[in-house]
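The structure comes before the discussion.

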Amino acid sequence: NSMTGKKEEFKTLEEGKVKMYACGITVYDLSHIGHARQAIVYAMIADYLRYRGYDVKYVRNYTDVDDKIINRANLLGKNAIDFSREQIEETEKDMAALHINDADIKTKASEYIDKIIEFVEKLIEKGIAYSTEKGDVYYSVRKFKDYGKLSNRKIDELLNGVRKDVEEGKKDPLDFALWKSAKPGEIYWESPWGKGRPGWHIERSVMALNTLGETIDIHGGGKDLVFPHHENEIAQTEALTEKEFAKYWSHCGLIKINGEKMSKSLGNSLTIRDALKKYNYEVIKYVMFLKHYTSDIDLLDNDYTLAERHLY
């Protein structure tokens, strides 16, 4: 359990049933091997829990509206949602080629806009969020007394390294966006605060709440999401419901390539599609399971070749 930093006995909220949510992919490009590992891990956990006799409801999301998606769609001269739809179809092909069992429910941020607006309105009513004249809405981090409990960070320490050029109307550098006013050329939805779109963190809380309920058994995602993403999810969800968001937090390790963080800018990003051109899907999955799912993996050039020898 990432929240406690301890291995714990698994006890479900409801006997025999598991509600599990895992953060999915922001679909602005083809999915890479890091996306594959996370999908493999949480499908494995769901499969194992079913094997142990649990009735599992596993939800995984797609972020289909986001800065990177909008920028890429604009470059291509496409509508952002149409572009996202195309990318989701490509991702589905890649995951199927890896023989990864699907989540029971796959959500898209764009399909929950009304629910997101409703959620944000309630946070404003509670006095824990505020709107600006520009049409943005921010979450008041300091008003949530448990902020930092997942990442073990103290609010005052977070000010180090925070941008000093605070956005217009933002009251505190630590506050994060729940709703973003639309810039020229961006996709938008009408809201009580004007034309805009959801912030990145809010969509996950809303999708989990509306598919699994106020408290879930397991919330998963990559280790890079602990802070600020999952920290922000906890803050906004628990401020609204006044209940524990997730009983257990699970974080999958990250992937490095030959000792370096996988990155397109470094030219070492490996797409699922390219990996499958070279190796059988079983070889790729075998490599992903060589280390415990919470551990980082440093992929070396010959790891897949060695895995082939072990398997065959």
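Leaving aside residues up to four places away in sequence, I117 touches W179, E190, S191, P192 and W193, where contact means heavy atoms within 4.5 Å. The model is predicted, so local features need pLDDT of at least 70 and side-chain atom pairs count only at pLDDT 80 or more, while totals for chains, interfaces and linings use all residues. Residues are numbered from 1 along each chain as its sequence is written, and side-chain values use heavy atoms, with hydrogens and water left out.

I117 is found in helix α4 (residues 113-125); helices (H or I, at least four residues) and strands (E, at least two) are DSSP runs, numbered from the N terminus. With a relative accessibility of 10%, I117 counts as buried. The cut-offs are under 20% relative accessible area for buried, over 50% for exposed, and partly exposed in between, using a 1.4 Å probe and protein chains only. I117 and W193, one of its contacts, are 76 residues apart in sequence, with a C-alpha to C-alpha separation of 9.7 Å.

A22 sits in strand β1 and is buried, at 0% relative accessibility. Its contacts, not counting residues up to four places away in sequence, are Y42, Y58, V59, R60, N61 and G220.

## Aromatic pairs

How many aromatic pairs does a search of the whole structure find? The search finds eight. Rings of Phe, Tyr and Trp (its six-membered ring) pair if their centres lie within 6.5 Å; planes under 30 degrees apart count as stacked, over 60 as edge-to-face and the rest as tilted. One of the pairs is F10 with Y54, which is edge-to-face, at 5.7 Å centre to centre and 70° between the planes. F10 lies in the segment before β1 (17-26) and Y54 in the loop between α1 (33-51) and β2 (55-63), so this pair ties together parts that are 44 residues apart in sequence. F10 is partly exposed at 25% relative accessibility, and Y54 is partly exposed at 25%.

The pair of Y139 and F176 is stacked, because the ring centres are 4.9 Å apart and the planes are at 15°. Y139 belongs to strand β5 (residues 137-139) and F176 to strand β6 (residues 176-181), so the pair links distant parts of the chain, 37 residues apart. Both Y139 and F176 are buried. F10 and Y54 also belong to one aromatic cluster with Y248.

## Charges over rings

A charge sits over a ring if NZ of Lys or CZ of Arg is within 6 Å of the ring centre and within 35 degrees of the ring normal. R153 lies over the face of F227, at 4.1 Å from the ring centre. K171 lies over the face of Y130, at 4.5 Å from the ring centre.

## Helix packing

Helices α9 (residues 281-288) and α10 (residues 303-311) pack at about 105°, with axes 9 Å apart. Axes are lines fitted to C-alpha atoms, for helices over the stretch in contact, and angles run from 0 to 180 degrees between N-to-C directions. The two helices, α9 and α10, are therefore roughly perpendicular; that class covers 65 to 115 degrees, against under 35 for roughly parallel, over 145 for roughly antiparallel and oblique for the rest. From α9 the contact uses E282, V283, I284, Y286, V287 and M288, and from α10 it uses D303, Y304, A307, E308, H310 and L311. These residues divide into eight nonpolar, one polar and three charged. Ala, Val, Leu, Ile, Met, Phe, Trp, Tyr, Cys and Pro count as nonpolar, Asp, Glu, Lys and Arg as charged, and the others, Gly among them, as polar.

The axes of α1 and α9 come within 10 Å and cross at roughly 75°, so α1 and α9 are roughly perpendicular. I33, R37 and I40 of α1 meet I284, K285 and M288 of α9. This contact has four nonpolar, no polar and two charged residues.

## Backbone exceptions

Most residues other than glycine have a negative phi, and most peptide bonds are trans. F227 and P228 are joined by a cis peptide bond, with omega about 5°, and P228 is found in helix α7 (residues 226-241).

E242 has a positive phi, near 60°, and lies in the loop between α7 and β9 (246-252). At 63% relative accessibility, E242 is exposed. N258 also has a positive phi, about 50°, in the loop between β10 (255-257) and β11 (260-261). N258 is partly exposed, at 39% relative accessible area.
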